[in-house]
Number of protein chains: 2
Amino acid sequence: MARIKTREIERETTVEKIEKILTGAMQEFLAHGYAGTSMDRVAARAGVSKATVYSHFHDKERLFKALIQQSAHKKFEDLFDKLPLEGEPEVVLRHLITTALHRMISDKEHQAFVRILIGESGRFPELAKAWIHDIMTPPLKIICEYLNKHPELNIPDAEATVRMMIGSMVHFMMTQEILHGKEIFPMETDRMVECLMYHILKD
Amino acid sequence: MARIKTREIERETTVEKIEKILTGAMQEFLAHGYAGTSMDRVAARAGVSKATVYSHFHDKERLFKALIQQSAHKKFEDLFDKLPLEGEPEVVLRHLITTALHRMISDKEHQAFVRILIGESGRFPELAKAWIHDIMTPPLKIICEYLNKHPELNIPDAEATVRMMIGSMVHFMMTQEILHGKEIFPMETDRMVECLMYHILKD
DNA sequence: GTCTATATCCAGATAGAC
DNA sequence: GTCTATCTGGATATAGAC
């Protein structure tokens with residue numbers, strides 16, 4: 001689009017290089033953490049020189065922050081996708097919980113992201129806060145509203161209940177996948193779904 | 001005890017040095033993560049030379065593993081202390097949840113430990129698995145048994161319910177404290193306690 | 001904008017005196 | 001057992017040619 005009628009065919013454009021740096025750096029950071037990632041390997045994986053990396057992203061810290069914030073938006077967004085949230089609670093909640101939990105369990109990249117977000121939350125508190133504010137809170141509030149629109153559910157504190165619901169799911173994913181618990185103390189995902197349905201709907 | 005009737009008064013013993021290395025290294029690892037910690041600073045903080053550190057702990061990796069496994073045992077052990085678990089569920093569960101949650105929230109060192117355990121769970125899967133097996137599973141099973149001994153609670157899947165309970169608490173601590181959520185989206189701890197009581201006891 | 005080459009520093013780990 | 005001094009590699013970051 002931006003490069004019409006030029007005779008060069010195999011030379012990469014600048015934006016293509018930036019693209020490759022971003023994706024390559026993300027893979028490195030997700031695999032080795034912030035301190036464990038070297039700018040040499042980032043450049044090598046992107047197929048550019050180290051100086052090129054530095055010319056686009058002033059230093060390692062800024063590259064890391066740019067990446068995490070960019071990546072965060074793509075994560076939970078499609079974890080709770082669209083969130084229809086119309087209809088019978090029995091149907092809507094079961095669909096919501098089932099979908100979100102199964103996606104969390106199978107999305108290795110999301111797990112690596114959570115790992116690094118928590119691991120670096122001491123050194124980069126702004127990133128952690130941005131994640132809470134931009135990614136976790138919106139779905140939480142939407143589900144909260146839904147519960148409050150259904151008084152027949154008899155939920156005294158919807159916000160706390162949603163935190164319980166999300167917390168159960170995230171913690172299940174963390175123990176089973178991130179901390180490798182499924183290898184020594186496994187549990188079928190659907191048992192967790194039924195458990196949440198039972199305790200939230202109260203028969 | 002081991003050093004009776006000797007005239008030296010200010011010279012440190014070997015075990016004292018090892019003690020200082022262990023505590024100093026733990027602080028460094030908790031503060032900066034595995035890759036972010038240097039053996040120079042570990043030695044400096046312990047007040048010994050780097051060579052002394054290496055003579056007692058063969059390399060950085062073994063020092064780290066020794067520390068995490070040693071430290072893990074002191075953590076959850078007193079988080080769910082003793083676990084009396086005798087008496088009315090209303091009383092026992094409320095006491096259990098209240099105590100555990102408030103301790104998690106106020107124990108900064110435990111939070112730093114969880115941060116590093118998760119952050120390094122990719123590089124050190126054995127440590128994560130050891131934590132699941134030695135620290136998380138025992139209390140889970142004890143609470144599980146307790147719930148199963150009280151059929152009047154009508155809990156179809158006690159193990160899943162306990163995972164929900166622990167998951168809600170750990171995730172609450174993670175979002176509020178580790179990810180700094182209390183600064184932008186706070187919630188009173190006791191609301192979480194009441195919420196769990198409500199959904200587990202079902203009125 | 002992009003490269004090669006390099007400056008500078010600090011990391012993990014060890015040799016050898018005491 | 002403990003130290004000082006040092007080896008060696010790799011880290012972040014930049015200078016300067018093209």
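## Between the domains of chain A

No salt bridges are counted between domain 1 of chain A and domain 2 of chain A; the count is zero. One residue pair is in polar contact across this interface, with both residues at pLDDT 80 or more. On the side of domain 1 that touches domain 2, six residues are nonpolar, one is polar and none is charged. The model is predicted.

The domain assignment places domain 1 at 14-57 and domain 2 at 69-201. Seven residues of domain 1 and nine residues of domain 2 make the contact. The domain centres, taken over C-alpha atoms, lie 31 Å apart.

About 610 Å² is buried between the two domains, and carbon and sulfur atoms give 74% of that area. In domain 1, M26(A), L30(A) and Y34(A) lose the most area to domain 2. Together these three account for 76% of what that side buries.

## Between chains A and B

Here 56 residues of chain A contact 55 residues of chain B. The two chains bury about 4700 Å² between them, 68% of it on carbon and sulfur atoms. R163(A), L179(A) and F185(A) lose the most area in chain A, together 15% of what that side buries.

Six salt bridges are counted between the chains. One of them joins the side chains of D157(A) and R191(B), at 2.7 Å from N to O. Polar contacts link 21 residue pairs, both residues at pLDDT 80 or more.

## Helices on the chain A side

α6 (108-119), α7 (125-148), α8 (158-178) and α9 (189-201) of chain A each supply at least two residues of the side that touches chain B. α8(A) gives the most, with 15 residues. By class, this side has 28 nonpolar, 17 polar and eleven charged residues.

Note on methods: Residues numbered from 1 in each chain as written. Chains lettered and ligands numbered in written order. Predicted model: local features only at pLDDT ≥ 70, side-chain atom pairs only at ≥ 80, totals over all residues. Heavy atoms only, no water. Domains from an automatic or database assignment. Contact = heavy atoms within 4.5 Å. Buried area = accessible area lost by both parts, 1.4 Å probe. Salt bridge = Lys/Arg side-chain N within 4 Å of Asp/Glu carboxyl O. Polar contact = N/O pair within 3.5 Å; in protein donor to acceptor, adjacent residues only side chain to side chain. Nonpolar A, V, L, I, M, F, W, Y, C, P; charged D, E, K, R; others polar. Helix = DSSP H or I, 4+ residues; strand = E, 2+ residues; numbered from the N terminus.
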